[in-house]
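Subject: Structure for your review

Dear colleague,

Please find below the structure that I am handing over to you. My notes on what was found in it follow directly after.

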Amino acid sequence: MKHATCAIVVTYNPTKNDIEQIYKLSQLIHYLIVYDNSEPSIASQLSFIHNGEVIFKNQNVGIATALNEGVKKAILAGYKKVFLFDQDSFIDEHFLQAMMNFSNNYPDAALWAPSYYDINKNAYGCFLNFNVWTRQKVSCANKEIMNVDM
């Protein structure tokens with residue numbers, strides 16, 4: 001089932017497996033924007049994208065600029081919810097629905113970030129909690145909700 005949402009994927013010389021994951025994402029999402037930072041472009045490998053667009057600027061602008069430009073395009077296209085990924089992000093077929101359900105339960109939140117599993121480290125990732133004088137790693141492996149005040 002496709003969700004009326006937009007996803008942005010930033011690529012830089014992706015592997016064949018990365019391209020396969022992008023294809024799987026294109027089957028789940030309503031609109032997909034791929035920002036290709038590769039030199040040369042890999043746009044020809046993304047010809048399966050019919051529900052979105054590939055942006056190529058002939059240079060590596062970095063992930064932050066690419067995501068920002070992708071979000072601007074998504075907003076101009078009228079999307080209210082945007083998923084941000086890099087090329088090696090892997091999601092299963094339940095991820096989007098779970099995130100949509102979560103966002104509906106917390107409509108005032110500006111950002112939802114799932115816990116993630118780092119296949120290279122064979123462990124769940126952690127987030128950093130910064131205080132005035134300290135820094136603390138916070139694990140979210142048990143799917144608990146972590147409130148963050150800025």
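Leaving aside neighbours within four places in sequence, Asp 36 is in contact with Thr 11, Ser 41, Ile 42, Ala 43, Val 54, Ile 55, Phe 56 and Lys 57. Please note that this is a predicted model. Asp 36 belongs to strand β2, which covers residues 29-36. Asp 36 is buried and yet has no salt bridge. The nearest side chain of opposite charge is that of Lys 57, 13 Å away. A polar contact is present instead with the side chain of Ser 41, at 3.0 Å from side chain to side chain.

Asn 37 counts as buried because its relative accessibility is 2%, and the cut-off for buried is under 20%. The side chain of Asn 37 reaches the backbone nitrogen of Val 61 at 3.1 Å. Not counting residues up to four places away in sequence, Asn 37 touches Val 10, Thr 11 and Tyr 12, among others; its list of contacts also includes Gln 59, Asn 60, Val 61, Gly 62, Ile 63 and Ala 66.

The loop between β2 and β3 also holds Pro 40. The peptide bond from Glu 39 to Pro 40 is cis, with omega near 5°. Asn 13, in the loop between β1 and α1, has a positive phi near 50° and is partly exposed, with a relative accessible area of 39%. Asn 58, in the loop between β3 and α2 (63-76), has a positive phi near 65° and counts as exposed at 56% relative accessibility. As background, most residues other than glycine have a negative phi, and most peptide bonds are trans.

Turning to the overall layout, the protein has three helices and eight strands. From the N terminus on, the order of the elements is β-α-β-β-α-β-α-β-β-β-β. Of the 150 residues, 31% count as buried. Among contacts between residues at least 6 apart in sequence, 52% join residues at least 24 apart.

Which residues have the most contacts inside the largest nonpolar core? They are Leu 25, Leu 32, Leu 46, Phe 83 and Phe 85, in a core of 20 residues. The elements that give two or more residues to this core are β1 (3-11), α1, β2, β4 (82-86) and α3 (95-105). A second, separate core has 10 residues, including Ile 33, Tyr 35, Ile 55 and Tyr 79. In soluble globular proteins, nonpolar side chains tend to be buried together.

Helix α1 comprises 13 residues, 16-28. At 1.5 Å a residue the helix should span 18 Å, and its end C-alpha atoms are 19 Å apart, which agrees. Its buried residues are Asp 18, Ile 19, Gln 21, Ile 22, Leu 25, Ser 26 and Leu 28. An α-helix has 3.6 residues a turn, so residues three or four places apart point the same way.

A search of the whole structure finds two salt bridges. In one, the side chains of Lys 73 and Glu 53 meet at 3.4 Å, N to O. Lys 73 lies in helix α2 and Glu 53 in strand β3, so the pair ties together parts that are 20 residues apart in sequence. Lys 73 is partly exposed at 36% relative accessibility, and Glu 53 is likewise partly exposed, at 25%. In the other, the side chains of Lys 57 and Glu 69 meet at 3.2 Å, N to O. This pair links Lys 57, in the loop between β3 and α2, with Glu 69 in helix α2, 12 residues apart. Lys 57 counts as partly exposed at 42% relative accessibility, as does Glu 69 at 26%.

Finally, Ser 89 lies in the loop between β4 and α3 and is partly exposed, with a relative accessible area of 27%. The side chain of Ser 89 makes a polar contact with that of Asp 86, at 2.8 Å. Ser 89 and Val 9 are 80 residues apart in sequence, while their C-alpha atoms are 8.7 Å apart in space.

With kind regards

Technical notes
Residues are numbered from 1 along each chain as its sequence is written. This is a predicted model: local features need pLDDT of at least 70, side-chain atom pairs count only at pLDDT 80 or more; totals for chains, interfaces and linings use all residues. Side-chain values use heavy atoms; hydrogens and water are left out. Helices (H or I, at least four residues) and strands (E, at least two) are DSSP runs, numbered from the N terminus. The expected span of a helix is 1.5 Å times one less than its number of residues. Buried means under 20% relative accessible area, exposed over 50%, partly exposed in between (1.4 Å probe, protein chains only). Lys and Arg count as positive and Asp and Glu as negative; His and the chain ends are not counted. A salt bridge is a side-chain nitrogen of Lys or Arg within 4 Å of a carboxyl oxygen of Asp or Glu. A polar contact is a pair of N or O atoms within 3.5 Å; within protein, one must be able to donate a hydrogen and the other to accept it, and residues adjacent in sequence count only if both atoms are side-chain atoms. Contact means heavy atoms within 4.5 Å. A nonpolar core is a set of buried Ala, Val, Leu, Ile, Met, Phe, Trp, Tyr and Cys residues joined through side-chain atoms within 4.5 Å.
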